[in-house]
Amino acid sequence: MGNDRVQIADEGVLAMTLLPLTMGAVNYDRFQAIRDGSVRVEGIDLEIVPLEVEEIFYRQMKYHEFDVSEMSMSSYLAGIDAGDFPYIALPVFPSRYFRHQSVFVRTDSGIERPEDLIGKRVGVPEYQITACVWLRGMMADDHGVTPDRVTWFSGGVDSPGRVEKRPIELPDGVTVTPIGKDETLSQLILDGSLDALFTAHLPAAFLDRPHRVTRLFPDYKAVEKAYFARTGIFPIMHVVVVRRSVLDAHPWIARSLLKAFTAALEKAKADLLYRSSLKVMLPWLADHVEETVAAMGTDYWPYGVEENRTVLDTFLRYHHSQGLSRRRREPEEIFAPSTIDEFVI
């Protein structure tokens with residue numbers, strides 16, 4: 001990006017041209033206020049390009065197309081661990097997801113509780129994806145199912161040909177075997193070659209053959225609420241990253257972006273609480289919001305480092321212990337320094 005330019009307005013007043021930046025992101029409600037202009041990003045003309053998450057990650061990790069983008073938490077950590085990564089994160093977390101609902105088992109596999117995964121064959125889209133890092137960490141912490149006690153297979157869930165985004169070095173005793181180039185995880189669990197799947201994507205085997213493939217935790221909402229009550233963790237899936245060269249040239253943009261994303265998040269929350277009409281197509285939206293607040297508090301989707309310290313510490317521990325980063329980092333190390341603290345009046 002070039003330097004900010006100064007132009008003369010018609011009235012003869014000096015006006016600063018906004019810095020044009022592009023952002024690849026999913027079409028979330030928490031970005032809507034920036035897209036529609038009701039929240040302004042100070043000093044920046046941010047063009048959000050709405051894409052599906054898989055396309056964003058592919059284009060950003062392979063071709064570095066956007067100045068700002070959503071990025072997998074695990075891919076980001078692996079990138080900075082490898083060195084010379086062209087992006088740095090802001091403590092903005094557009095995607096969070098409880099993951100107990102993302103474990104699928106074959107109904108005749110003998111898996112009825114998490115401990116039954118020991119010794120089983122489990123498929124993952126990629127070993128390094130964020131959802132699977134969380135699941136392996138939770139299974140190890142809560143049920144003693146450490147990664148070395150499972151045999152792992154990786155590949156596309158419903159389409160063949162998926163491979164790891166980047167090479168991985170696994171701890172001793174952990175093996176991950178890519179499935180055949182024409183095979184899918186859904187096909188393999190149905191034919192008995194796999195016992196379970198860890199996947200954020202709902203597999204066709206589950207949707208089409210519910211008598212053959214089911215969730216390990218059928219009442220997953222109750223399990224996930226209990227997990228949050230016990231740990232205080234609402235798992236972070238994605239961060240927002242900024243191109244380092246742009247931030248080096250314009251150090252002020254990290255704080256401008258963080259302020260705008262936070263304001264847009266608060267506006268999205270306010271829309272969920274609006275009661276004169278439904279802003280989301282859910283007839284019992286009010287009940288869902290009230291249930292969420294009762295279980296998690298009013299600030300259930302916070303941005304910022306300190307507000308998320310427990311979640312970040314846990315994920316950084318998981319990522320390192322699973323061999324996906326060479327050392328365990330502290331939360332302050334992975335974000336733009338100017339976004340770590342706040343000024344005080």
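**Entry 1: a bridge**

I began with S95, whose bridge partner in β13 is H238. Strands here are DSSP runs of E of at least two residues, helices are runs of H or I of at least four, and both are numbered from the N terminus. β6 and strand β13 (residues 236–243) pair in the antiparallel sense over six bridges. I noted the rule that two strands pair if DSSP finds at least two bridges between them.

A note on the source: this is a predicted model, in which local features need pLDDT of at least 70 and side-chain atom pairs count only at pLDDT 80 or more, while totals for chains, interfaces and linings use all residues. Residues are numbered from 1 along each chain as its sequence is written, and side-chain values use heavy atoms, with hydrogens and water left out.

**Entry 2: the sheet**

In what order do the five strands of the open sheet run? I read β4-β3-β5-β13-β6, with mixed pairing. The edge strands are β4 (44–50) and β6 (87–96), and each pairs on one side only. From one strand to the next, the twist averages 30°. Helix α2 (residues 53–63) packs on this sheet. I found α2 touching β3 (19–25), β5 (68–72), β6 and β13. Its direction makes about 105° with that of β5. Angles run from 0 to 180 degrees between N-to-C directions, and axes are lines fitted to C-alpha atoms, for helices over the stretch in contact.

Next I followed β3. It pairs with β4 in the parallel sense over seven bridges. L21 has L46 as its bridge partner in β4. β3 also pairs with β5 in the parallel sense, over two bridges. There, G24 stands opposite S69 in β5. I noted that strands of a sheet pair through backbone hydrogen bonds, either parallel or antiparallel.

Is β3 mostly covered or mostly open? It is mostly covered, with five of its seven residues buried. Buried means under 20% relative accessible area, exposed means over 50%, and partly exposed lies in between (1.4 Å probe, protein chains only).

**Entry 3: S154**

I looked up S154 in strand β9 (residues 151–154). S154 counts as buried because its relative accessible area is 8%. Among the residues it touches are V124, P125, E164 and L185, leaving aside residues up to four places away in sequence. Contact means heavy atoms within 4.5 Å.

**Entry 4: two helices**

How do helix α7 (residues 220–231) and helix α10 (residues 285–296) pack? Their angle is about 35°, and their axes are 10 Å apart. K221, K225 and F228 of α7 meet E291, A295 and M296 of α10. I sorted these residues into three nonpolar, no polar and three charged. Ala, Val, Leu, Ile, Met, Phe, Trp, Tyr, Cys and Pro count as nonpolar, Asp, Glu, Lys and Arg as charged, and the others, Gly among them, as polar.

I searched the whole structure and found one cavity of 30 Å³ or more. On a 1 Å grid over the protein atoms alone, a cavity is a set of points where a 1.4 Å probe fits but cannot get out; a pocket is an open set with protein on both sides within 12 Å along at least five of seven lines; lining residues have an atom within 4 Å of a point. Grid points are joined across faces, edges and corners, and a volume is the space filled by probe spheres set on the points.

The largest cavity has a volume of about 50 Å³. Its lining includes L117, R136, T146 and W152. By class, that lining has eight nonpolar, one polar and one charged residues.
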